[in-house]
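Colleague: Before we discuss this model, please show it to me. I shall then ask on what grounds each description rests.

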Amino acid sequence: MKLTSNLKKSAVLLFTFFSISFSSFAIAPNVASALLQKAEDSTAFYGTDFTASYEVIQKKPGEGTSTTNAKIYRRDNESKWTILITAPLKDKGKGYLQTDSNIWFYDPADHRFTFSSSKDKFQGTNANTSDFAPQHYVNDYNIESAEEVKLGSFDCVLFTLKAKTKSVDYPQIKLWVTKNDGLTRKKEDYSLSGQLLRTSAIPSYQKVEGNGRSYQIPVKMIIQDNLRGKKINGKMNYESTAISISNATLEKQDDAVYTKPYLELMSGK
């Protein structure tokens, strides 16, 4: 019943954040640049480690849902992160590691690390591995436009961004950022030709204290894949992934957490 209730809430959030557009007003370039930097900074935890439990619920129309649980460790100032899958049982012990600018996937079934990419899907869901890491808007994108808009009850600035480099996951994105706190509320990812690929919503955040300051961490992220779905009763239903974050801490972790031997060790527990 809890899972069904959560999915119904997610559906309401999807409708609210994904289906409504509003009139807009352009803002000054210097104001836009400062707010975009603030939005980028809010996705990172420099000067401290970040650890949290993630519940990832994948919904495929006509096929039901599947749930993956994971523990995530991040050390953003060194561009390192580790993801250890804790459930379901068939996937327990699998993991991901980013270190030395490389991403590796570990499968305990054959005790082997294989090269992965930030663009790869996380465990077959609609989330990329890059969704669990800091975002880089300022260096990777140019601001094509920035306008004040309403998104539900939020006063936002809507950014249209185009990539400066080919290394990004998506060459064009639209980003809704709340004016008062610089937090991302909605994001649309586009192909080079302008096709909408994914829509993400972050309707609420939780405050976590650490390293002498407060950090805002999403309570839930909802990602809709605009290319993957199924028509049911004549209506298109897209695949979606709801990511809930809990037990977040900013305590420093042992250096060994961000190594291959750590994943190998934890896979047997």
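**Grounds for the descriptions**

Modeller: Leaving aside residues up to four places away in sequence, T129 touches W81, Y96, I103, S117, S118, K119 and D120; a contact requires heavy atoms within 4.5 Å. The model is a predicted one, in which local features need pLDDT of at least 70 and side-chain atom pairs count only at pLDDT 80 or more, while totals for chains, interfaces and linings use all residues. Residues are numbered from 1 along each chain as its sequence is written, and side-chain values use heavy atoms, with hydrogens and water left out.

Colleague: Why does T129 count as buried?

Modeller: Buried means under 20% relative accessible area, exposed means over 50%, and partly exposed lies in between, with a 1.4 Å probe and protein chains only. T129 has 0% relative accessibility and therefore counts as buried. T129 is found in the loop between β7 and α3; helices (H or I, at least four residues) and strands (E, at least two) are DSSP runs numbered from the N terminus.

Colleague: What makes R74 buried?

Modeller: Its relative accessible area is 5%, so R74 is buried. R74 belongs to strand β3, residues 64-75. Among the residues that R74 touches, beyond those up to four places away in sequence, are T43, F45, D49, K80, W81, F132, P134 and Y258. F113, by comparison, is 39 residues from R74 along the chain, with 19 Å separating the two C-alpha atoms.

Colleague: Why is K166 called exposed?

Modeller: K166 has a relative accessible area of 84%, and therefore K166 is exposed. K166 sits in the loop between β9 (154-163) and β10 (172-178). Its C-alpha atom is 14 Å from that of S117, 49 residues away along the chain.

Colleague: Which peptide bond is cis, and what is its omega?

Modeller: The bond joining A87 and P88 is cis, with omega about 5 degrees. P88 is found in the loop between β4 (80-87) and β5 (95-99).

Colleague: How many cavities does the rule give?

Modeller: On a 1 Å grid over the protein atoms alone, a cavity is a set of points where a 1.4 Å probe fits but cannot get out, whereas a pocket is an open set with protein on both sides within 12 Å along at least five of seven lines; lining residues have an atom within 4 Å of a point. By this rule there is 1 cavity of 30 Å³ or more. The largest cavity holds about 410 Å³, a volume being the space filled by probe spheres set on grid points that are joined across faces, edges and corners. Its lining has 26 residues, and T43, D131, Q135, I202 and M221 are the closest to its centre. β11 gives the most to this lining, with 4 residues.

Colleague: How much space lies in the largest pocket, and which residues lie nearest its centre?

Modeller: The largest pocket has about 710 Å³ of space. It is lined by 30 residues, with S118, S130, P134, H136 and D169 nearest its centre. Two or more lining residues come from each of β6 (102-107), β7 (112-116) and α3 (137-140).

Colleague: How do you know that the radius of gyration agrees with a compact globule?

Modeller: The radius is taken over C-alpha atoms, and the globule rule is 2.2 Å times the number of residues to the power 0.38. For 269 residues a compact globule would be near 18 Å, and the protein has 19 Å, so the two agree. The C-alpha trace spans about 55 × 50 × 35 Å along its principal axes, and the protein has 4 helices and 16 strands. Of its 269 residues, 46% count as buried.
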